[in-house]
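Please study the sequence and structure shown here. The briefing that follows is arranged by topic.

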Amino acid sequence: MTQTKRWLRFGLHYLEMVVAMLAGMLLLGLLWDAVLPGNLRTDVDVLIMAADMTLGMALWMRVRHHAWPAIAEMSVAMIAPFLLLLVPYWLGVISGHLVMTIGHVLMFVAMAAVMLWRREQYLNHEHRLAPRWFGRAGVVLVALLVPASVSGVNTAGKFAGLYAARADAVTVRPAGNQAGHDPAKPTVALLVSGGGTNAGDLLGPYEVLAGSGRVNTYVVSPGARLVPLTGGLDLVPDLTFGELDRLLAEGRDTLDAVVVPALNHPAELGAITAWLRRQAAAGALAVSVCAGARTLAASGLLDGRPATSHWWRLPELRAGYRKVGWVGGRRYVDDGEVISTAGVLSGIDGGLRVLERLVGMDAAREAARRVHWRHYKPGASGAVPVSGWEPADVAVVALNSSYQVGPSAIGVRLVEGTGELELASAFATYTEHSMVGRTVAVGEGPIRSRHGLTFVPRARDAGGLDRLLVPGTAAVRGEAGAEYLHTGAEFAFDPVLRDLARTYDVPTARWAAKTLEYPVMDVDLRGSGWLWPATIVALALLLLGAAAAVAGRRAVRWALGRRGSR
């Protein structure tokens with residue numbers, strides 16, 4: 001063998017181990033995400049990640065028939081850089097981010113150094129795989145290919161469609177505040193963006209504030225456009241940034257608070273963060289709801305402050321914005337000029353806190369009573385569970401996003417005068433927070449919600465849909481085939497979660513409540529105890545893939561046997 005081929009083999013061997021290392025990190029990382037809490041200490045997270053990579057590499061080296069001493073030697077080379085770097089981390093000399101970055105660089109260098117030190121072992125020995133490994137691996141891969149392909153297509157479709165813009169061009173003017181702007185009242189702006197906005201994050205605090213009648217409440221956007229909310233609920237913003245500025249200037253008024261819900265990859269992020277900094281500098285209270293904390297952190301307004309967000313988002317926020325003192329387990333964190341709330345429905349508490357500060361405690365109590373929010377604690381932030389991913393959560397998300405058989409195409413009738421929380425409960429719960437299906441706004445034309453927002457339907461009728469749901473106590477009963485979600489005086493999400501448990505299953509309803517950060521101990525959830533239809537579909541696809549793999553392997557053997565007999 002030429003020297004060039006020997007060194008090429010050496011390089012390929014190194015590449016193989018890198019791929020095995022990354023596979024170990026990915027696959028075992030998914031396992032730990034399901035079992036361990038999501039807010040691990042940085043040093044623990046580093047050690048788990050290093051162990052995952054080492055195990056993946058060690059398994060592949062054993063498959064390639066390396067001796068145990070060689071495997072142990074390479075394992076030490078991979079883990080040692082992280083162990084050494086944790087010492088200055090514990091002393092406060094370097095950050096966790098630097099431990100991760102420098103550790104990976106040193107690990108790759110150490111792996112190459114060990115291979116060069118033992119280069120005869122890696123240059124000369126072929127380390128051939130036993131033929132049975134190829135056959136078995138091929139059968140497993142083909143067996144998994146069918147369910148994996150179905151899962152990939154369905155999951156991508158559901159997540160991609162959450163904030164998809166409508167296909168047609170529609171120009172609708174907002175209904176506007178019929179009472180007009182009152183400079184004697186505090187003014188609050190709730191932010192939306194063209195990429196999409198979380199319906200629960202936005203409409204919860206909006207109904208709390210606008211429903212009080214004590215606050216000028218406007219939904220504002222960087223530019224005039226139709227904005228998609230979760231599940232394709234199209235909203236017409238009240239004002240653009242420029243229009244709001246002119247309105248306030250005409251009334252010699254100022255903005256008292258800005259509420260920032262979760263924004264879906266806003267293309268206008270630069271304009272939004274600059275506008276937020278300008279409003280904060282002028283004295284406006286900045287309020288983030290759920291993952292809206294990411295936008296507020298990007299503006300720099302959370303630097304050096306304690307803040308909170310959705311339990312799912314806290315780990316990535318801790319990694320991405322290290323100047324912020326992220327905390328969990330609290331409905332909201334009030335740090336004077338800035339308030340941040342936990343996930344989704346905690347935005348109701350954020351809206352109530354804004355009312356407490358701008359108007360008074362009595363107004364907040366009345367607003368909580370009006371929307372039937374049972375978790376309000378006057379003048380204080382209530383507690384929420386410090387949640388993380390559990391094995392059952394992973395199963396529910398995977399099965400619903402991949403193999404849920406329905407009813408999956410859900411029409412939601414837009415009715416004049418529907419409450420904002422009632423709309424959010426229908427469009428957000430069945431889609432982003434449970435992944436059981438997609439929602440389509442159905443109606444004859446634009447409608448005005450209970451407190452003055454303008455929404456536009458995407459379909460005129462429910463043809464081709466599996467269900468037609470009608471949210472809101474304002475809806476007139478009697479439409480054939482329609483199911484009416486809200487029939488009495490209760491919190492808007494309660495009947496929706498009960499319907500989710502009854503129509504699909506209880507674990508899905510509980511998962512939806514967990515992602516909404518909404519306690520359901522006192523909500524009567526009755527239904528199937530497991531996702532049996534989706535589970536059966538997954539198993540059927542796996543068996544189909546296995547049958548195809550075995551048949552294909554036998555066909556290959558038969559063809560090879562015929563060729564050898566000639």
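In this predicted model, strand E7 has both of its faces covered: Leu285 and Val287 on one side, and Ala286 and Ser288 on the other, are all buried. Buried here means under 20% relative accessible area, exposed means over 50%, and partly exposed lies in between (1.4 Å probe, protein chains only). Helices (H or I, at least four residues) and strands (E, at least two) are DSSP runs, numbered from the N terminus.

**Basis of the model**
- Residues are numbered from 1 along each chain as its sequence is written, and side-chain values use heavy atoms, with hydrogens and water left out.
- Because this is a predicted model, local features need pLDDT of at least 70 and side-chain atom pairs count only at pLDDT 80 or more, while totals for chains, interfaces and linings use all residues.

**The sheet that contains E7**
- Seven strands, in the order E5-E2-E1-E6-E7-E11-E10, make up an open sheet with mixed pairing; two strands pair if DSSP finds at least two bridges between them.
- At the edges of this sheet are strand E5 (239-240) and strand E10 (332-334), each of which pairs on one side only.
- Helix H9 (residues 269-281) packs on the sheet and touches strand E1 (187-191), strand E2 (216-221) and strand E6 (257-260), where contact means heavy atoms within 4.5 Å.
- The direction of H9 makes about 150° with that of E6; axes are lines fitted to C-alpha atoms, for helices over the stretch in contact, and angles run from 0 to 180 degrees between N-to-C directions.
- E6 pairs with E7 in the parallel sense over 4 bridges, and Ser288 in E7 is the bridge partner of Val260.
- Strand E7 (residues 285-288) is also joined by 3 bridges to strand E11 (residues 338-341), and these two run parallel.
- Ser288 has Ser340 as its bridge partner in E11.

**The sheet of four strands**
- Another open sheet has 4 strands in the order E3-E4-E15-E14, with antiparallel pairing.
- Strand E3 (227-229) and strand E14 (447-448) each have a single partner strand, so one side of each is left without a neighbour in the sheet.
- Helix H7 (residues 199-212) packs on this sheet, in touch with E3, strand E4 (233-236) and E15, and its direction makes about 95° with that of E3.
- E14 and strand E15 (residues 454-456) run antiparallel and are joined by 2 bridges; Arg448 stands opposite Thr454 in E15.

- Leu15 lies in helix H1 (residues 3-35) and counts as partly exposed, at 48% relative accessibility.
- Together, Leu8, Leu12, Leu15 and Val19 make a nonpolar surface patch of about 390 Å².
- Ser75, in helix H3 (residues 68-90), is buried, with a relative accessible area of 13%.
- Not counting residues up to four places away in sequence, Ser75 touches Thr54, Met57 and Ala58.
- Patches are made of residues with over 30% relative accessible area and no salt bridge, like charges being joined within 9 Å and nonpolar side chains (Val, Leu, Ile, Met, Phe, Trp, Tyr) within 5 Å.

**The chain as a whole**
- The secondary structure of the protein chain comprises 18 helices and 17 strands.
- Of its 566 residues, 50% count as buried.
- Along the principal axes, the C-alpha atoms fill a box of roughly 85 × 60 × 45 Å.

Notes: Areas by Shrake-Rupley, 256 points an atom, 1.4 Å probe, with all protein chains shown as cover. Salt bridge = Lys/Arg side-chain N within 4 Å of Asp/Glu carboxyl O.
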